[in-house]
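Q: I have a model open and want to go through its fold with you. Can you take my questions in order?

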Amino acid sequence: MYAYIDGKLVFKNAAYVVIDAGGVGYHINISLNTYSKLQNSEKCKLFTWLHVKEDAHTLYGFIDEGERRLFLHLISITGIGPNTGRMMLSSITPEEIQNAIISGNVSLIQKIKGIGPKSAQRIILELQDKLKKEGADTLSVTPLNKTAKEEALTALVMLGFARNAVEKVLEQEMNKSNGELTVEQLIKAALKSL
């Protein structure tokens, strides 16, 4: 429902922040990773996810889109709820979690409080292929001025195509057109080849 909340940082501690945006104070649960990267500046922007339950609506905030994407992957696993996902992001960095899943490092994931051997194996089993397909740089901050090729690559990977295959096809299409295609034209051409 909310993609991000940008406003004045009113209160901050290791568990949550309060951001005043348009005269409304949003209570947003955060991970220690997000807490450590928040500066003491007055302005703050967090990417959010709203968890709706019968008795509560809870906002979770993330310092960047990559951390939120990893959180959503984690909570898609049976038995991993939002609080466990936040605990995972608080125990080790998102990069360490992603690398552990991709490399199949059960022992590192198992060290996280609340994650036993079966849960660690399930996380790796269910997410390893997805994270490999997305590529290792999905947690990095994306530049604001993306090229048409980068935007097309992001869109096609989000549609479920393998990153390596998409990169090859996009490179071929760019070479055919001398690099003069729009994002839409690139995606349409790539879809024909994939």
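A: One definition before we start: axes are lines fitted to C-alpha atoms, for helices over the stretch in contact, and angles run from 0 to 180 degrees between N-to-C directions. Helices (H or I, at least four residues) and strands (E, at least two) are DSSP runs, numbered from the N terminus.

Q: Where do the coordinates come from, and what are the conventions?
A: This is a predicted model, in which local features need pLDDT of at least 70 and side-chain atom pairs count only at pLDDT 80 or more, while totals for chains, interfaces and linings use all residues. Residues are numbered from 1 along each chain as its sequence is written, and side-chain values use heavy atoms, with hydrogens and water left out.

Q: How many helices and strands are there in the protein?
A: The protein has 9 helices and 5 strands. Along the sequence the pattern reads β-β-β-α-β-β-α-α-α-α-α-α-α-α.

Q: What box do the C-alpha atoms fill?
A: Roughly 55 × 45 × 30 Å, taken along the principal axes.

Q: What percentage of the residues is buried?
A: Of the 194 residues, 39% are buried. Buried means under 20% relative accessible area, exposed over 50%, and partly exposed in between (1.4 Å probe, protein chains only).

Q: What holds paired strands together in general?
A: Strands of a sheet pair through backbone hydrogen bonds, either parallel or antiparallel.

Q: How is strand 4 bridged to strand 1 and strand 5?
A: Strand 1 (residues 4–12) and strand 4 (residues 43–52) run antiparallel, joined by 5 bridges; K8 has K43 of strand 4 as its bridge partner. Strand 4 and strand 5 (residues 57–62) also run antiparallel, with 6 bridges, and L50 is bridged to L59 of strand 5. A hairpin of 4 residues connects strand 4 to strand 5.

Q: And which way do strand 2 and strand 3 pair, parallel or antiparallel?
A: Strand 2 (residues 16–21) and strand 3 (residues 24–30) are antiparallel over 6 bridges. A21 has V24 of strand 3 as its bridge partner.

Q: I clicked on V18. What does V18 touch?
A: V18 is in strand 2. Leaving out residues up to four places away in sequence, V18 touches K8, L9, V10, F11, G25 and Y26. Contact here means heavy atoms within 4.5 Å.

Q: Which residues of helix 3 are buried?
A: In helix 3 (residues 82–91), P82, G85, R86, M88 and L89 are buried. They cover an arc of only 155° around the axis, which puts them on the same side of helix 3. The arc is that of the directions from the helix axis to the C-beta atoms.

Q: What about helix 4?
A: Helix 4 (residues 94–103) has P94, I97, Q98, A100 and I101 buried. Those residues fall within an arc of 165° seen down the axis of helix 4, so they line one face of the helix. They pack against helix 1 (32–37), helix 2, helix 3, helix 5 (106–110) and helix 6 (117–134). Just after helix 4, G104 takes a positive phi of about 75°.

Q: At what angle do helix 4 and helix 6 pack?
A: About 100°, with their axes 8 Å apart. Helix 4 and helix 6 are therefore roughly perpendicular to each other. On the cut-offs, angles under 35 degrees count as roughly parallel, over 145 as roughly antiparallel, 65 to 115 as roughly perpendicular and the rest as oblique.

Q: Last one: how do helix 7 and helix 9 pack?
A: Their angle is about 50° and their axes are 9 Å apart. That makes helix 7 oblique to helix 9. The contact involves A148, K149, E151, A152, A155 and L156 in helix 7 and V183, L186, I187, A190 and L191 in helix 9.

Note on methods:
Pairing = 2+ DSSP bridges.
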